[in-house]
There are 2 protein chains.
Amino acid sequence: MAEIVTTGTALRAAVQMARSRGLRVGLVPTMGALHAGHASLIDLARVRTDFVVVSIFVNPTQFGPQEDFDRYPRSFEADVALCRQHGAALIFHPSVEEIYPAGFQTFVEVTALQRRWEGERRPGHFRGVATVVAKLFHLVQPDVAFFGQKDAQQCRIIEQMVADLALPVEIVIGPTVRDADGLALSSRNVYLTPAQRQQATVLWQALQLGERLITAGERDAHTVVAAMRRHLATAAEAEIDYVAAVDRRTLEPLTRLAGPILLHLVVRFGATRLLDNLPLDLPAGEAS
Amino acid sequence: MAEIVTTGTALRAAVQMARSRGLRVGLVPTMGALHAGHASLIDLARVRTDFVVVSIFVNPTQFGPQEDFDRYPRSFEADVALCRQHGAALIFHPSVEEIYPAGFQTFVEVTALQRRWEGERRPGHFRGVATVVAKLFHLVQPDVAFFGQKDAQQCRIIEQMVADLALPVEIVIGPTVRDADGLALSSRNVYLTPAQRQQATVLWQALQLGERLITAGERDAHTVVAAMRRHLATAAEAEIDYVAAVDRRTLEPLTRLAGPILLHLVVRFGATRLLDNLPLDLPAGEAS
């Protein structure tokens, strides 16, 4: 029966107790509205560690002023049930004031990796993410922390922050969990109308199309991206935000595809932005 | 005999060994060029903790492009001797590449507290300080870390960072150590000509003058600051950078003096900037 704590002090006491029993501590940071993607991270954490902490905190600093902080889905009772069902040991559910008390003014920024893609479209978003994750790491001091591949840029930013600042935590990225028709699970999928939900299958189809072209030998990024865009355009309400083939480490766009790459895209349906991506490992490019 | 380590890996192994023996770990971060002020912090750390780590790292990110990074005094052999004499257990002396490997891009900023005073005059300075201190905290994971009151704004910024990000470390501020004539010890005092060194006593004299006026009942900040400035002006080569009476928590300038305050000042002698300050505890102001 996972205990629920709301303060840093209670959190630390509970984690300290677990650690003194020799348990390895895992952390799954979430914004609640938990779905099977989060559940898979908790499952993974249960395999890799002995005492799994799930944080549930809708972090205001990662939302822009025009974004959906207020209407972001909140389902705390169901979230607690899911955490318990999957064997979480502790749920950390702090107030905004607990994380950001009056006078709060310290921020962590991962500068180069946040410049493009989501960072460009959501100014301040990754500063908010890096800051709250750093704080959660300090509060919980987990041995391992778990994030979902669906937010690929977030994953890279957190890995880079951990490496740069020597944060004493191992980062594990769990694979994207999808609905039966391929749509990546996201707490924001509930915003979709039934028609949009149906059309949203084009995201995963486009990624699979890109993979097929690459597997067949295509190495020109523009050709692959153009084919993916054409497929996305078949969905009536889809507005493409971006589609790109990038270096998986730097997230910089590629012209020739080689080595560890990421196909990633964002498509808007009305006001709802859907993200998806596919990491691929290609042979290293020829020295040119 | 304090061991010298140069990599994060060796550092962590040595600290881990100490911790497994039940020792409390103290950290004294320095840029080397150690003097009696640093020695007093090591002494303090020896009283408060069992295993004292001294880091010696001239941190490039806290120097501006026009500043004295290249000519900053370096005296590693003497520094090691001083650390050993004062009972440090471990000296961490990393290369720049060890702390900032290729691709490093993560920074910590304490936003409001860095706006004025040194932060205004040295853009990026406190970002460099906060970043390297956060990284040292992650590498060493000390129970207690020790800083000198002479760098008052740095002390406040580090305290704020630790509180905001919930860094699991206690911060202890050691009092400023002075030469017999009152000049605050600083690694940069070696830049002074003999004539400047003699005149530099006006800093501490001005602070004492300010304290005397306040003790006698003066509560108008402008009156106190004006008297201090007049005294500083008696030194032929002194150029006042700033003199102010500030709220000790926010470092914002005060008009009426009340509660915990700080008198602080910076005076230039040629290219050398000398800092000094005096914290004072006054009765709380009347509600107005």
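How many residues does helix α9 (residues 202-215) of chain A have, and how far does α9(A) reach from its first C-alpha to its last?

**Entry 1: ground rules.** I'm working on a predicted model, where local features need pLDDT of at least 70, side-chain atom pairs count only at pLDDT 80 or more, and totals for chains, interfaces and linings use all residues. Residues are numbered from 1 along each chain as its sequence is written, while chains are lettered from A and ligands numbered from 1 in the order in which they are written.

**Entry 2: helix α9 of chain A.** I looked up the opening question: α9(A) has 14 residues and reaches 19 Å, close to the 20 Å expected at 1.5 Å a residue. That expected span is 1.5 Å times one less than the number of residues. For the names, helices (H or I, at least four residues) and strands (E, at least two) are DSSP runs, numbered from the N terminus.

Next I checked burial. I call a residue buried if 20 or more other C-beta atoms lie within 10 Å of its own, exposed if 12 or fewer, and partly exposed in between, with C-beta atoms placed from the backbone. In α9(A), the buried ones are Val202(A), Leu203(A), Ala206(A), Leu207(A), Gly210(A) and Ile214(A). They sit on the same side of α9(A) because they cover an arc of only 140° around the axis; the arc is that of the directions from the helix axis to the C-beta atoms. On the other side, Arg212(A) and Thr215(A) are exposed. After α9(A) comes Gly217(A), with a positive phi near 115°.

**Entry 3: what covers that side?** I found that the cover over the buried residues of α9(A) includes α8 (194-199), α10 (221-232), β8 (238-247), β9 (260-269) and β10 (272-281) of chain A. Contact here is C-beta atoms, placed from the backbone, within 7 Å.

**Entry 4: the sheet of chain A.** Three strands form an open sheet in the order β8-β9-β10 (chain A), paired antiparallel. Pairing needs at least two bridges found by DSSP between two strands. β8 and β10 of chain A are the edges, each pairing on one side only. The twist averages 15° from one strand to the next. Axes are lines fitted to C-alpha atoms, for helices over the stretch in contact, and angles run from 0 to 180 degrees between N-to-C directions. Between β8(A) and β9(A) I noted nine antiparallel bridges, and Asp247(A) has Ile261(A) as its bridge partner. α10(A) packs on the sheet, touching β8 and β9 of chain A, at about 155° to β8(A). I also saw α9(A) lying across β8, β9 and β10 of chain A, at about 20° to β10(A).

**Entry 5: where the chains touch.** How many residues does each chain bring to the contact? I got 23 residues from chain A and 23 residues from chain B. On the chain A side, β5 (106-110), α6 (125-140) and α7 (152-164) give two or more residues, and β5(A) gives the largest share, five residues. That side divides into 13 nonpolar, seven polar and three charged residues. β5(A) pairs with strand β5 (residues 106-110) of chain B in the antiparallel sense over five bridges. Val108(A) has Val108(B) as its bridge partner.

**Entry 6: a loop in chain B.** Is Ala180(B) buried or exposed? Ala180(B) counts as exposed because it has 5 C-beta neighbours inside 10 Å. I placed Ala180(B) in the loop between β7 (170-174) and α8 (194-199) of chain B.

Methods: Two residues are in contact if their C-beta atoms, placed from the backbone, lie within 7 Å. Ala, Val, Leu, Ile, Met, Phe, Trp, Tyr, Cys and Pro count as nonpolar, Asp, Glu, Lys and Arg as charged, and the others, Gly among them, as polar.
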